[in-house]
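Open the model in your viewer and keep the sequence panel beside it. This tour tells you what to select at each stop and what you will find there.

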Amino acid sequence: MSGTIQNLFVTPVWRGPAGGRDPDVLRAELLEACLLLAEEDGAGRRWCREHGYPGYTSYASLNDLPRRMPPFADLAKRLDRQVASFSAACGHDLAGRKLRLDSLWVNVMPRGGIHTGHIHPHAVVSGTYYVQIPDGAAALKLEDPRLPMMMAQPARNPDAAIQLQPFVFLAPTEGEAILWESWLRHEVVMNRSRAPRISISFNYAWG
Ligand SMILES: [Fe+2]
């Protein structure tokens, strides 16, 4: 084929370590904190039970984890830097303001747990830090945001380049963070690990 193809309208996704010193110490402290919350956050446990949420999340019960427990404050500080770099790489014009941590919550997902597709409204950058990823732990599934417009388009060849695939599965590793723009639809497919899959998700908002 003559001429050139440009790949336009990209969907940036970043993955890498949370940054800072002694990442294994931080991860161990976060693991302890997550397990403690899953044990002792009665309001959160009740919410999960009443809403059929598999395992535990602090999403509906605790909105101040960085003020409540130092390891979450430490993680937030590290994420602030990564999110600022990611936002710059996305070309955001923040008009002199910063993206700020808006919410941060714990997810303890048992075997068989699932988190169906969703976006994070009212945020600019969202992401997850992975605390415990045992063998068989579920991947993060990302979805091409243009799918609703693809009425007559043929399926993509499975061996087509990753940027052409309608779904991309990222298998996270422990201590890793993944960042994306908050409009990107994502889900956690069924978890098959014996021990719980433990992660900390967060939203950064503008202003
Ligand atoms: Fe999410």
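Predicted model: local features only at pLDDT ≥ 70, side-chain atom pairs only at ≥ 80, totals over all residues.

**Stop 1: the iron ion**

Which protein atoms are its donors? They are NE2 of H118, NE2 of H120 and NE2 of H186, lying 2.0 to 2.2 Å from the iron ion. Along the sequence, the donor residues follow the spacing H-x1-H-x65-H. Now colour by strand. H118 belongs to β4 (residues 115-118) and H186 to β9 (residues 186-188), so this pair ties together parts that are 68 residues apart in sequence.

Is H186 buried or exposed? H186 is buried, with a relative accessible area of 5%. H118 is buried too, at 19%; the cut-off for buried is under 20%.

**Stop 2: the four-stranded sheet**

Together they make an open sheet of four strands in the order β4-β9-β6-β7, with antiparallel pairing. The edge strands are β4 and β7 (167-170), and each pairs on one side only. Neighbouring strands here are turned by 15° against each other on average, direction ignored.

Zoom in on β6 (residues 140-143) and β7. Four bridges join these antiparallel strands. Select E143, and you will find F167 of β7 opposite. Then pick K141. This residue lies over the face of F167, at 4.4 Å from the ring centre.

**Stop 3**

Work through the pairings one at a time:

- Select β5 (residues 125-132) and β10 (residues 197-206): seven bridges join them, and they run antiparallel. The bridge partner of Y129 is I200 in β10.
- Select β3 with β10: ten bridges join this antiparallel pair. Here S103 has N203 of β10 as its bridge partner.
- Select β2 with β3: two bridges join them, again antiparallel. T57 has N107 of β3 as its bridge partner.

Look at β3 with the surface on. Eight of its eleven residues are buried, so β3 is largely enclosed by the rest of the structure.

**Stop 4: aromatic rings**

Show the Phe, Tyr and Trp side chains. How many aromatic pairs does the structure hold? There are three. One of them is W47 with Y53, a tilted pair at 6.1 Å centre to centre, with 50° between the planes. W47 is partly exposed, at 26% relative accessibility, whereas Y53 is buried, at 19%.

Move to F202 and Y204. Their rings form an edge-to-face pair: 6.1 Å centre to centre, 90° between the planes. Both residues are buried.

Methods. Residues numbered from 1 in each chain as written. Heavy atoms only, no water. Phe/Tyr/Trp six-rings, centres within 6.5 Å; stacked < 30°, edge-to-face > 60°. Buried < 20%, exposed > 50% of the residue type's maximum accessible area, 1.4 Å probe, protein only. Lys NZ or Arg CZ within 6 Å of the ring centre and 35° of its normal. Donors = N, O, S within 2.8 Å, 3.2 Å for Na, K, Ca; no water. Pairing = 2+ DSSP bridges. Axes fitted to C-alpha atoms, helices over the stretch in contact; angles between N-to-C directions.
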